[in-house]
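User: I am new to this structure. Please walk me through the terms used for its side-chain contacts.

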Amino acid sequence: MPPLFTTYAITRSGFVLNRTTNTFDATVTLENTSGGPVPGPISVVVGGLPGSVTLANAVGQTSDGTPYVNPTLPGPVLPDGGTLSFVLKFANPQRVTFTGNLQILYAVEVPPDAPSLISVVATGGTV
């Protein structure tokens, strides 16, 4: 069973200019420190970028327009203590200094026969 909360040790390299793609690339390594395996897929959301910088290898955007990538796991889960390395590619034509923040998301699969909470009604007591 996957952990209720996932935690990661995150290591990022400095930016390197990739002359082939004309992007600034950084290698990110996630180490699962959750105490249990984390099922895939895992999405890495990159927020806080200035308007002139884009995540060149984004595969999509969240509902608020923040770009993300889905690095490929080595198997169906990232085991406790396991690591996952991937590259983030940033288009930065104006060569501005920037930072970004990473948010790691993963989807929890709910069994088809799981009960659903439709509503809750308080029947008494004080708050």
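Analyst: There are 3 aromatic pairs, counted where ring centres of Phe, Tyr or Trp (its six-membered ring) lie within 6.5 Å. This is a predicted model: local features need pLDDT of at least 70, side-chain atom pairs need 80 or more, and totals for chains, interfaces and linings use all residues. Residues are numbered from 1 along each chain as its sequence is written, and side-chain values use heavy atoms, without hydrogens and water.

User: Why is the pair Phe-15 and Phe-98 called tilted?

Analyst: The planes meet at 40°, with centres 4.9 Å apart. Under 30 degrees counts as stacked and over 60 as edge-to-face, so the rest, this pair included, are tilted. Phe-15 and Phe-98 sit 83 residues apart in the chain.

User: What makes Phe-98 buried or exposed?

Analyst: Its relative accessibility is 11%. Buried means under 20%, exposed over 50%, partly exposed in between (1.4 Å probe, protein chains only), so Phe-98 is buried. Phe-98 also forms a tilted pair with Phe-90, at 5.3 Å and 55°. Phe-90 is buried at 4%, whereas Phe-15 is partly exposed at 42%. Phe-15, Phe-90 and Phe-98 form one aromatic cluster.

User: How do you know that Lys-89 and Asp-25 form a salt bridge?

Analyst: Their closest N and O atoms are 2.8 Å apart. The rule asks for a side-chain nitrogen of Lys or Arg within 4 Å of a carboxyl oxygen of Asp or Glu, so the pair qualifies. The whole structure has 1 salt bridge. Lys-89 lies in strand E10 and Asp-25 in strand E3; strands are DSSP runs of at least two residues, numbered from the N terminus.

How values were computed
Helix = DSSP H or I, 4+ residues; strand = E, 2+ residues; numbered from the N terminus.
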